[in-house]
Amino acid sequence: MSTNIEGKVVVITGASSGLGEATARLLSADGATVVLGARRRDRIEALAETLTNAGGKALAVITDVTDRAQVKRLVDAAVRTFGRIDVMINNAGLMPQALLELLKVDEWDRMIDVNIKGVLYGVAAALPHMKEQKSGHFINVSSVAGHRVGPGFAVYAATKYAVRALSEGLRQEVKPYNIRTTVISPGAVATELPNSVTDPTAAARIKKFYAGVAVPADSFARAVIYAMSQPDDVDINEILFRPTKQEL
Ligand SMILES: NC(=O)c1ccc[n+]([C@@H]2O[C@H](COP(=O)([O-])OP(=O)(O)OC[C@H]3O[C@@H](n4cnc5c(N)ncnc54)[C@H](OP(=O)(O)O)[C@@H]3O)[C@@H](O)[C@H]2O)c1
């Protein structure tokens with residue numbers, strides 16, 4: 001059992017699969033209360049039921065992070081039901097990689113809306129509560145692509161660099177309110193993320209790459225536990241991890 005996890009109220013966006021789901025499971029097993037946000041109702045309701053049946057506390061709230069009001073409703077539901085919000089994990093995201101010359105402009109818009117604006121809406125929803133509590137913790141999900149750019153990754157990388165930039169600004173600004181700010185940048189982790197790639201060439205390449213190197217999603221969940229379980233006066237600002245097999 002990790003320390004400083006039990007009893008914390010944790011809101012997770014993108015909790016219906018992959019990193020968000022694995023994190024909800026591990027946090028719940030360690031005694032945290034989890035509030036699950038995503039668009040796929042069946043997935044988050046089934047997960048909340050599983051966690052509750054195992055003795056945990058969990059709530060599912062259908063949430064599209066591109067809608068500011070829905071993100072506010074998610075966070076407000078956590079505070080109304082459980083009395084507070086200790087951790088906001090801004091995790092929802094997608095990675096439809098493709099060369100810029102393919103002009104998949106709708107996908108650029110979607111990545112900006114989910115990967116950047118979704119995180120900002122999470123900050124907007126949780127910050128007032130954390131300010132009032134004089135405590136809290138933001139965990140924002142960037143990527144190795146938030147540290148380096150490659151062909152086909154320009155827009156995705158731009159959104160993940162943006163997550164790091166806004167998180168660093170947030171970190172500096174929330175000092176007076178005793179709020180911690182962590183950015184986690186994973187390498188290849190086996191999730192449904194490659195399914196968002198629509199360009200057949202890029203999809204084949206990314207699926208082959210993931211099949212060769214990706215590690216299970218609880219790698220990310222353990223990084224969350226590490227950041228959360230530090231004493232309250234220790235703020236883990238950045239975690240970058242890759243599968244041992246991943247070169248770039
Ligand atoms: N897996 C990796 O290798 C990797 C590496 C670096 C960074 N990341 C980042 O990790 C995060 C989680 O991705 P994952 O790997 O776990 O992929 P995933 O299995 O595809 O999960 C993505 C999650 O985001 C949610 N989501 C997408 N659009 C949404 C929207 N508009 N509103 C609310 N939720 C939305 C999905 O839920 P619904 O579809 O139910 O809404 C799903 O729960 C992303 O930010 C991704 O960029 C992943």
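## Cavity

The whole structure holds 1 cavity of 30 Å³ or more. A cavity is a set of points, on a 1 Å grid over the protein atoms alone, where a 1.4 Å probe fits but cannot get out. The largest cavity has about 60 Å³ of space. Volume means the space filled by probe spheres set on the points, which are joined across faces, edges and corners.

Lining residues have an atom within 4 Å of a point. There are 13 for the largest cavity, and the closest to its centre are Pro-96, Ala-98, Trp-108, Met-111 and Val-155. Helix 4 (105–133) and helix 5 (154–173) each give at least two residues to this lining. Helices are DSSP runs (H or I, at least four residues), numbered from the N terminus.

## Model basis

This is a predicted model: local features need pLDDT of at least 70, side-chain atom pairs count only at pLDDT 80 or more, and totals for chains, interfaces and linings use all residues. Residues are numbered from 1 along each chain as its sequence is written, and side-chain values use heavy atoms, with hydrogens and water left out.

## Ligand

The ligand is surrounded by 31 residues (a heavy atom within 4 Å). Ser-16, Arg-39, Tyr-156, Thr-191 and Tyr-210 are the closest.

An oxygen atom of the ligand lies 2.6 Å from a polar side-chain atom of Tyr-156. For Ser-16, a side-chain N or O atom is 2.7 Å from a ligand oxygen atom. Gly-93 places a backbone N or O atom 3.5 Å from an oxygen atom of the ligand.

Terms used
On a 1 Å grid over the protein atoms alone, a cavity is a set of points where a 1.4 Å probe fits but cannot get out, and a pocket is an open set with protein on both sides within 12 Å along at least five of seven lines; lining residues have an atom within 4 Å of a point. A polar contact is a pair of N or O atoms within 3.5 Å; within protein, one must be able to donate a hydrogen and the other to accept it, and residues adjacent in sequence count only if both atoms are side-chain atoms.
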